[in-house]
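Colleague: I would like to go through this model with you. I will ask what lies behind each term.

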2 protein chains.
Amino acid sequence: MSLLTVGSVAFDALETPFGKTDKIIGGAATYITLSASYFTKKNNLVAVVGDDFPQSMIDDLEQHGVNTEGLEIRKGEKTFFWSGKYHNDMNTRDTVEVQLNVMENFNPAIPDSYQDCQYLMLGNTAPAIQSMVIDRLHNRPKLIVLDTMNLWIEIANADLMNLLKRVDVLVLNDEEARMLTHDYSLVKAAAKIQSMGPKTVIIKKGEHGALLFGEGRIFFAPALPLEEVFDPTGAGDTFAGGFIGHLVKTDDISFDNMKRGIIYGSAMASFCVEKFGAERIMNLTEEEIQTRVNEFVTLSAFGLE
Amino acid sequence: MSLLTVGSVAFDALETPFGKTDKIIGGAATYITLSASYFTKKNNLVAVVGDDFPQSMIDDLEQHGVNTEGLEIRKGEKTFFWSGKYHNDMNTRDTVEVQLNVMENFNPAIPDSYQDCQYLMLGNTAPAIQSMVIDRLHNRPKLIVLDTMNLWIEIANADLMNLLKRVDVLVLNDEEARMLTHDYSLVKAAAKIQSMGPKTVIIKKGEHGALLFGEGRIFFAPALPLEEVFDPTGAGDTFAGGFIGHLVKTDDISFDNMKRGIIYGSAMASFCVEKFGAERIMNLTEEEIQTRVNEFVTLSAFGLE
């Protein structure tokens, strides 16, 4: 089985209560593919960067088994740049600056060698572009997972509504679920989203864990209680990458296997926040991941007898 | 095994987005003993009310197996009254009015027949009064569980600090844990609280579940995702009542049994919020409770294979 991920590869500059960074590698597709790389080596990326993007970073992705054939490098243009500053509680942040640059007219070309991908992960970008990706695939993938954000719910609602009819799984956070449905109850919000298209809905609640809704069932995965959250940037994308990476590896899209996917995604996200940007998820071992997953078992297991 | 609960028995007037009530029965000890009544019939109450408190409500408690020998009825005085209004998100509320009345000089007398209680639940009231209860017991109970609130952290901090040295379990919410320790991380906050006295700390996170810290271990229990929260009043006390009720019933204070206690407490709290005040937890069957507990198993269970 193989995975196709489409989304941003970017520069981020971050400030948290623990320090600040200059431009470091960021972007949804970066986090997703790095996270998924621990589960599958058939890991294909479609994204666009400018010629200011260092070859060493592309090499890093390749070394993690990410296929960058679909990474377009635009001459004379600059890479998407985002800078943000986190508040003291680490749950909220302000965007300090956005330079769309190459993302302003991202036109995702799908290499022929990617056409047989059975799993499609649409990282956060404009719904019109995400739709274009589905249009350009010769066969519909077995599973399409969509990530989106508050911006698109506000400014591209019609595009998003059309796109929702075409995907299997929607991943979004609690605030976005409430914004999309105008329902405060997440149970009601998930049901409404299911009626919009995706049969499966994953609602991320940050430090409070994540909820999976599907087949009339609900699964709750905790987030690992951490002493310190150093930098939450990319945690949601890392979660999505672990989730879909596990599905690709096992080629099983049952509800029970999605539960395991959520646990793997949560484990990957718990690493992501330990260091700035993608630093921690670029340097993980299989053993560390397994140990972390076992912590989730210990954290939430109970027997009634 | 038997339980002694000390705390308020009160009148509440509530307003939520779903409606409002006149004076209905409320108070921490009311919710705790009603909730615990589904687990133990050795359920002893110490509280004070005025002679405006209806005998029919005392009869209701008695019918649930609550021993009201320690419920003092003060002639010519009025029962503690609280009225509050919930905001639309149901997570925050404003206190509209407080009339301390009989609670102003609550002087908890412990009937002789209560002296052999092995489990003590100190419902939320002034730390000086909670300390007095421990002083008046001839033998230290096997387990002392303490609930407190932001008010006492602010205005009776020294009393609270002295009391913390004398209890085994502290139950409080996330905001209170942060206020008490000046630590945002709940993992750090729990460790700091443990150094203040209680070996076990339970941090309630409302709709986000609860965390149990003890023996160097952490357990996370989800809250049941609900379509509608009708009235959250008393949910925290109902949680505490289910928790300690289960411990009394099983007479097992191991970490693993406290995990089950947290699940039973969470199940009881999920009923409490379905109707105004204590209405729902006055009318429950064993079967309903067991079905609800099984929903918690389904909600959080996963296998890695």
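Colleague: What is the strand order of the open sheet in chain B?

Modeller: This is a predicted model. In chain B, nine strands form an open sheet in the order β6-β5-β1-β9-β10-β11-β12-β13-β14, and the pairing is mixed.

Colleague: What makes β6 (66-74) and β14 of chain B edge strands?

Modeller: Each of these two pairs on one side only. From one strand to the next, the twist averages 15°.

Colleague: How do you know that β11 and β12 of chain B pair?

Modeller: Two strands pair if there are at least two bridges between them. Strand β11 (residues 169-173) and strand β12 (residues 200-204) of chain B have five bridges, in the parallel sense. Therefore they count as paired. Within β12(B), T200(B) is the residue opposite V169(B).

Colleague: Which strands does helix α3 of chain B touch?

Modeller: Helix α3 (residues 127-135) of chain B touches β1 (3-6), β9 (119-122) and β10 (143-147) of that chain, and makes about 165° with the direction of β9(B). Helix α8 (residues 235-250) of chain B also packs on the sheet, touching β1, β9, β10, β11, β12 and β13 (210-214). The direction of α8(B) makes about 175° with that of β9(B).

Colleague: Now chain A. Why is one side of β6 and of β14 in chain A left without a neighbour in the sheet?

Modeller: Chain A has an open sheet of nine strands, ordered β6-β5-β1-β9-β10-β11-β12-β13-β14. β6 (66-74) and β14 (217-221) of chain A stand at its edges, each with a single partner strand, so one side of each has no neighbour there. On average, neighbouring strands of this sheet are turned by 15° against each other, direction ignored.

Colleague: What makes β1 and β9 of chain A a parallel pair?

Modeller: Strand β1 (residues 3-6) and strand β9 (residues 119-122) of chain A are joined over four bridges in the parallel sense. The rule asks for at least two bridges, so the pair qualifies. V6(A) stands opposite L122(A) in β9(A). On this sheet packs helix α6 (residues 174-181) of chain A, touching β11 (169-173) and β12 (200-204), at about 110° to the direction of β11(A).

Colleague: How many residues does each chain bring to the contact?

Modeller: Chain B gives 36 residues and chain A gives 36 residues. Between them the chains bury about 3,200 Å², with 60% of it on carbon and sulfur atoms. F220(B), F302(B) and L304(B) supply 20% of the area that chain B buries against chain A, more than any other three residues.

Colleague: Why is the pair R178(B) and E207(A) called a salt bridge?

Modeller: The closest N and O atoms of R178(B) and E207(A) are 3.7 Å apart. The cut-off is 4 Å, so the pair passes. Between chain B and chain A the count is four salt bridges. The rule for polar contacts finds 16 residue pairs across the interface.

Colleague: Which helix supplies the largest share of the side of chain B that touches chain A?

Modeller: The largest share, eight residues, comes from α10(B). The residues on that side of chain B divide into 18 nonpolar, eight polar and ten charged.

Note on methods:
Residues are numbered from 1 along each chain as its sequence is written. Chains are lettered from A and ligands numbered from 1 in the order in which they are written. This is a predicted model: local features need pLDDT of at least 70, side-chain atom pairs count only at pLDDT 80 or more; totals for chains, interfaces and linings use all residues. Side-chain values use heavy atoms; hydrogens and water are left out. Contact means heavy atoms within 4.5 Å. Buried area is the accessible area (1.4 Å probe) that two parts lose on being put together, summed over both. A salt bridge is a side-chain nitrogen of Lys or Arg within 4 Å of a carboxyl oxygen of Asp or Glu. A polar contact is a pair of N or O atoms within 3.5 Å; within protein, one must be able to donate a hydrogen and the other to accept it, and residues adjacent in sequence count only if both atoms are side-chain atoms. Ala, Val, Leu, Ile, Met, Phe, Trp, Tyr, Cys and Pro count as nonpolar, Asp, Glu, Lys and Arg as charged, and the others, Gly among them, as polar. Axes are lines fitted to C-alpha atoms, for helices over the stretch in contact, and angles run from 0 to 180 degrees between N-to-C directions.
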